[in-house]
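Please go through this structure with the text alongside.

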Amino acid sequence: MSKVGVLPPWLVLDPLLRGWLLEDVGRGDRTTNSLLAADVTLGSAKWVAKAPGVIAGLPVAARVFQLLNEKVSFVTTADEGAFCEPGQVVAEMSGSLDALLMGERVALNLAMRLSGIATLTNKYVEQIADLPARLVDTRKTTPGLRLLEKYATAVGGAINHRIGLDDAVMIKDNHIAAAGGISEAITRIRSQIPYTLTIEVETETIEQVKEALEYQADIIMLDNMPVDLMRQAVQLIRQQDSRVKIEASGNVTLETIRAVAETGVDYISSSAPITQSKWLDLSMKIS
């Protein structure tokens, strides 16, 4: 069953897509412009998966072509978030050949990148599918691509962590060092933020967990803890304050994620689905 991710509005994405098209087209496509008159020669093409994986980014690809020529038709033959096999046609398009040729690389690059992320994300999600813990992404994203890369993790079955620094408060080790301790950091931050924002604190020891509980953190992150210590921390938090959400983080792999989930945490954050994913190979064939 395909997963659902929510794209930002085109008002937000169009400037990014236009910028990437300008980077590639430059002062003009020397090859296409020499062969074809703009908006005159019509043609069609199809996209074919060359490797197995989860498809993501087809609506974005369609938008790339339509920014070049609004009359281009882009019809998906695979659902966003569906698993596709090699040789499967995932989209068919038709319209001005110059638009199809000029938009090919940008559209394919985005779809291949996002599909690769969705594919690896789905592998992580499947490891814990029968457990309550949920996989979340991180801010380790490619500058300029964060909105789309986080969209791809959602398509793959994860849920998004902070999109940016203004979404929520996360007090990390360097913040704790700068403030002089967890208690000082929480106290000072709580006095200045809107009441709707949650406060998450990164902890590495049981003593830090106790301090975060004492000062009523909303979310406690167990960072780089051995599984046995993580299990102790979860039990302590559940006993003292059942409202607190618990997140595990740090060096989570496909081999370790299940053991982490079995400790009873609510969320497991990992940058790996984005930072370690391989592009899913797609090709476009003019017919």
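In which hand, left or right, does H7 pass H8 in their crossing? The crossing of H7 and H8 is right-handed. Like everything that follows, this is computed from a predicted model.

Helix H7 covers residues 182-190, and its axis lies 9 Å from that of H8, at an angle of about 25°. Angles under 35 degrees count as roughly parallel, so H7 is roughly parallel to H8. On the H7 side the contact is made by Ile182, Ser183 and Ile186, and on the H8 side by Gln208, Glu211 and Ala212. Sorted by type, the residues of this contact are three nonpolar, two polar and one charged.

H8, which spans residues 206-214, also packs with helix H9, residues 227-240. The axes of H8 and H9 come within 10 Å and cross at roughly 20°. H8 and H9 are therefore roughly parallel to each other, and their crossing is right-handed. From H8, the residues that take part are Ile206, Val209, Lys210 and Leu213. They meet Leu229, Gln232, Ala233, Leu236, Ile237 and Gln240 of H9. By type, the residues in the contact of H8 with H9 divide into seven nonpolar, two polar and one charged.

From the helices, the text turns to residues in loops. Asp137 sits in the loop that runs between strand E6 (134-136) and helix H5 (146-155). Is Asp137 buried or exposed? Its relative accessible area is 2%. Buried means under 20% relative accessible area, so Asp137 counts as buried.

Two polar contacts involve the side chain of Asp137. One is with the side chain of Lys150, at 2.6 Å. In the other, a polar atom of the Asp137 side chain lies 2.8 Å from the backbone nitrogen of His161. Leaving aside residues up to four places away in sequence, Asp137 touches Lys150, Thr153, Ile159, Asn160, His161, Ser269 and Ser270. Asp137 and Ala158 are 21 residues apart along the chain, and their C-alpha atoms are separated by 7.1 Å.

Which side chain is joined to that of Ser277 by a polar contact of 3.2 Å? The partner is the side chain of Arg113. A polar atom of the Ser277 side chain also lies 3.2 Å from the backbone oxygen of Ile274. With residues up to four places away in sequence not counted, Ser277 touches Arg113, Gly116, Ile117, Leu120 and Ala272.

These details belong to a protein chain with 11 helices and 12 strands. Taken along the principal axes, the C-alpha atoms fill a box of roughly 70 × 40 × 25 Å.

Notes. Residues are numbered from 1 along each chain as its sequence is written. This is a predicted model: local features need pLDDT of at least 70, side-chain atom pairs count only at pLDDT 80 or more; totals for chains, interfaces and linings use all residues. Side-chain values use heavy atoms; hydrogens and water are left out. Axes are lines fitted to C-alpha atoms, for helices over the stretch in contact, and angles run from 0 to 180 degrees between N-to-C directions. Helices (H or I, at least four residues) and strands (E, at least two) are DSSP runs, numbered from the N terminus. Angles under 35 degrees count as roughly parallel, over 145 as roughly antiparallel, 65 to 115 as roughly perpendicular and the rest as oblique. A crossing is left-handed if the near helix is turned anticlockwise from the far one by less than a right angle, and right-handed if clockwise. Contact means heavy atoms within 4.5 Å. Ala, Val, Leu, Ile, Met, Phe, Trp, Tyr, Cys and Pro count as nonpolar, Asp, Glu, Lys and Arg as charged, and the others, Gly among them, as polar. A polar contact is a pair of N or O atoms within 3.5 Å; within protein, one must be able to donate a hydrogen and the other to accept it, and residues adjacent in sequence count only if both atoms are side-chain atoms. Buried means under 20% relative accessible area, exposed over 50%, partly exposed in between (1.4 Å probe, protein chains only).
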